[in-house]
Each structure stands twice: as C-alpha cells, then as structure tokens.
Amino acid sequence: MADKYRVEVWASPDAPDPAALRKTLASEGYAVFEWCDKPGTEYSSHKHAEAQSHWILSGSLELTIMNSGTHVLNPGDRDFMSAGTYHSARVTADEAAVYLVGAKTI
C-alpha cells in the first residue's frame with residue numbers, strides 16, 4: 001500500500017534554480033530527468049513501480065492523487081509520491097509545465 005502523498009510549497013522569494021534542485025534530488029538517491037508538458041496535456045490515472053518526486057521549474061501541474069485529493073504544484077513546489085500511488089495529472093494553464101522528475105526504487 002502506498003504511503004501518504006505530500007507537497008512542499010516553495011517558500012523562497014527567489015525563482016527555483018534547476019541545477020541546484022537536480023543536485024538535491026540526485027543527493028537523495030533519485031535518478032533525475034527534466035520533463036515538459038504542453039498546455040492541455042493530460043495523463044489518466046496510473047501508478048509507477050518506483051517512488052517519484054516532481055519539482056516544478058516553471059508553469060504549474062495539477063495532480064489528483066487517490067485518497068489524497070487534487071494538488072496544484074507551482075514553480076518551486078515539490079511533491080513526494082510513494083511507489084504504487086495511483087494518480088492523474090494535467091496542465092490547466094496556458095503555459096507549459098516544466099519540471100524535474102526524480103525516480104527511485106526503494
């Protein structure tokens with residue numbers, strides 16, 4: 001069974017630094033890649049075999065997490081998703097969502 005989903009909201013007045021965020025994810029044991037979704041992109045409900053963390057660089061991403069609700073991640077916001085967590089995602093704004101995906105097998 002998947003653990004609780006959680007979001008860390010960006011508290012800094014500075015814009016997110018992609019290189020620093022990538023370094024943080026890697027130091028936590030995540031394999032990291034950058035992803036970009038165009039406005040209107042939608043992913044139906046699915047799950048991953050590995051734990052994931054999404055860290056938003058620009059735009060926003062709406063994630064609906066089973067048993068947790070809907071969460072909107074904005075620049076600098078980060079989530080923590082356990083392996084096996086059912087979720088869907090979509091870009092609701094007119095701007096592309098650019099984010100880092102950290103994935104790790106636990």
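**Entry 1: a histidine.** I started with the side chain of His-54, which makes a polar contact with the side chain of Gln-52 at 3.1 Å. I keep in mind that this is a predicted model. I placed His-54 in strand β4, residues 51-58. Is His-54 buried or exposed? Its relative accessibility is 6%. The cut-off for buried is under 20%, so His-54 counts as buried. Next I listed its contacts, leaving out residues up to four places away in sequence. His-54 touches Leu-73, Asp-77, Arg-78, Asp-79, Met-81, Tyr-99, Leu-100 and Val-101.

**Entry 2: a loop glycine.** I moved to Gly-76, which sits in the loop between β6 (69-73) and β7 (78-80). I found Gly-76 buried, with a relative accessible area of 3%. Which residues does Gly-76 touch, not counting those up to four places away in sequence? I noted Glu-8, Trp-10, Pro-16, Trp-55 and Ile-56. I also checked Gly-76 against Lys-47, 29 residues away along the chain. Their C-alpha atoms are separated by 23 Å.

**Entry 3: strand β5.** I then looked at β5, residues 61-65. Four of its five residues are buried, and the strand is mostly covered. β5 runs antiparallel to β6, with five bridges joining them. β5 also runs antiparallel to strand β8 (residues 87-90), with four bridges. I followed Glu-62 to both neighbours. Its bridge partner in β6 is Val-72, and its bridge partner in β8 is Arg-90. Last, I checked the hairpin of β5 and β6, which has three residues between the strands. There, Asn-67 takes a positive phi near 65°.

Notes. Residues are numbered from 1 along each chain as its sequence is written. This is a predicted model: local features need pLDDT of at least 70, side-chain atom pairs count only at pLDDT 80 or more; totals for chains, interfaces and linings use all residues. Side-chain values use heavy atoms; hydrogens and water are left out. Helices (H or I, at least four residues) and strands (E, at least two) are DSSP runs, numbered from the N terminus. Buried means under 20% relative accessible area, exposed over 50%, partly exposed in between (1.4 Å probe, protein chains only). Contact means heavy atoms within 4.5 Å. A polar contact is a pair of N or O atoms within 3.5 Å; within protein, one must be able to donate a hydrogen and the other to accept it, and residues adjacent in sequence count only if both atoms are side-chain atoms. Two strands pair if DSSP finds at least two bridges between them.
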